[in-house]
Amino acid sequence: MTEGLHSTPSEGAVPMNKIRLVIVTGLSGAGKTQAIKSLEDLGFFCVDNLPPALLGKMAELGSGTGGKIVRMAFGIDLRGGEFFGSTVDALARLELAGYPYQILFLEAADDTLVRRFKETRRPHPLAPEGRILEGIRRERQLLQELRGKATHIIDTTDLSPRKLREEVQRLITDDGEKPPIIVNIVSFGFKYGLPMDADLVFDVRFMPNPHYVEGLRGLTGSNAEVSQYVFRWPAARRFMKEITRLLEFLLPQYVSEGKSQLVIAIGCTGGRHRSVAVTEALAQTLRSKGYTVATEHRDAAKNLEESVEQ
């Protein structure tokens, strides 16, 4: 297996910003779609079945986002028909433009590919009316040159979808970099029901209620005054320590199982004060530990009279 980046930039050819490109290709039925989904979970902007002639244009567009897109993956295969023949030339132009790239090439044994096509009842793109095996053998010949340029070659013959995902993440993830998991923290009010997509739910109604404090009732947990009140109590501070310790254990376990998103729901009675303050504090803590965190305050904006906490 050859590893490294293909890059022979021409003099003066410097991309607008550093961008990482991965080309996913290989035999039909070898798992390219699953590999692309795995790269999406790693934070790549992915386009499947891209005509090779558009490689340079897509890299240019990604580089022009001012750092908003720093990882791109493109699926290229024989579904592109006559466009596929220009793949090697397109890669050469990409190199001349100064864009380094990696090629992830997927393959599998003939009998495995035949079985997969029979199970899905799909015709092989090179043998729509003929024998599947003939199409597979012809495809191997057409892909020989591209296979020779591959940075990574994965034989998926004995790989389950989960094992393939792990292998893609192992090969593509930088040294020392953890596969990302996106943590969504949602504050809510129990009186309005649980968030339907919650993976973990925590009840913070044991904390003293800011609703009964003059001057805090009309605010939300996003206000500094409310947050300071919530966390002035030892029980609230102890809760933050314990939930942080729990998540420091759980999040790596979810990552190792291939989970790419986690929804944590924090609830109080009306979803306006305590749950919001805890959500913001927890998000800040997890971000400081390197996690990607999004927050949502589902019920904080509801009419104050409707969301009065008991």
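A residue counts as buried when its relative accessible area is under 20%. Keep that cut-off in mind. We are looking at a predicted model.

Let's start with glutamate 107. It lies in strand 4, residues 101-107. Is glutamate 107 buried or exposed? Its relative accessibility is 13%. The cut-off is under 20%, so glutamate 107 counts as buried.

What does its side chain do? The side chains of glutamate 107 and arginine 147 are joined by a polar contact of 2.9 Å. Arginine 147 is one of several residues that glutamate 107 touches, leaving out those up to four places away in sequence.

Now step back to the whole chain. It has 10 helices and 9 strands. There are 310 residues, and 45% of them are buried. Next, contacts along the sequence. Take those between residues at least 6 apart in sequence: 80% of them join residues at least 24 apart.

On to helix 4, residues 110-120. Which of its residues are buried? Thr112, Leu113, Val114, Arg116 and Phe117. What covers them includes helix 5.

So how do these two helices meet? Helix 5 spans residues 132-142. The axes of helix 4 and helix 5 are 10 Å apart, and the packing angle is about 125 degrees. That angle makes helix 4 oblique to helix 5. The crossing is right-handed.

Who makes the contact? From helix 4, we have Asp110, Leu113, Val114, Phe117 and Lys118. From helix 5, we have Ile132, Leu133, Ile136, Arg137 and Arg140. By type, that contact has 6 nonpolar residues, 4 charged and no polar.

A general point on spacing. An α-helix has 3.6 residues a turn, so residues three or four places apart point the same way.

Two names come back here. Leu113, Val114 and Phe117 are buried in helix 4, and these residues also take part in the contact with helix 5.

What follows helix 4? Arginine 121, with a positive phi, near 60 degrees.

Last stop, serine 160. Where is it? In the loop between strand 5, residues 152-155, and helix 7, residues 161-172. Its relative accessibility is 33%, so serine 160 counts as partly exposed. Serine 160 and glycine 31 are 129 residues apart along the chain. Their C-alpha atoms are separated by 9.8 Å.

Definitions and conventions. Residues are numbered from 1 along each chain as its sequence is written. This is a predicted model: local features need pLDDT of at least 70, side-chain atom pairs count only at pLDDT 80 or more; totals for chains, interfaces and linings use all residues. Side-chain values use heavy atoms; hydrogens and water are left out. Helices (H or I, at least four residues) and strands (E, at least two) are DSSP runs, numbered from the N terminus. Buried means under 20% relative accessible area, exposed over 50%, partly exposed in between (1.4 Å probe, protein chains only). Axes are lines fitted to C-alpha atoms, for helices over the stretch in contact, and angles run from 0 to 180 degrees between N-to-C directions. Angles under 35 degrees count as roughly parallel, over 145 as roughly antiparallel, 65 to 115 as roughly perpendicular and the rest as oblique. A crossing is left-handed if the near helix is turned anticlockwise from the far one by less than a right angle, and right-handed if clockwise. Contact means heavy atoms within 4.5 Å. Ala, Val, Leu, Ile, Met, Phe, Trp, Tyr, Cys and Pro count as nonpolar, Asp, Glu, Lys and Arg as charged, and the others, Gly among them, as polar. A polar contact is a pair of N or O atoms within 3.5 Å; within protein, one must be able to donate a hydrogen and the other to accept it, and residues adjacent in sequence count only if both atoms are side-chain atoms.
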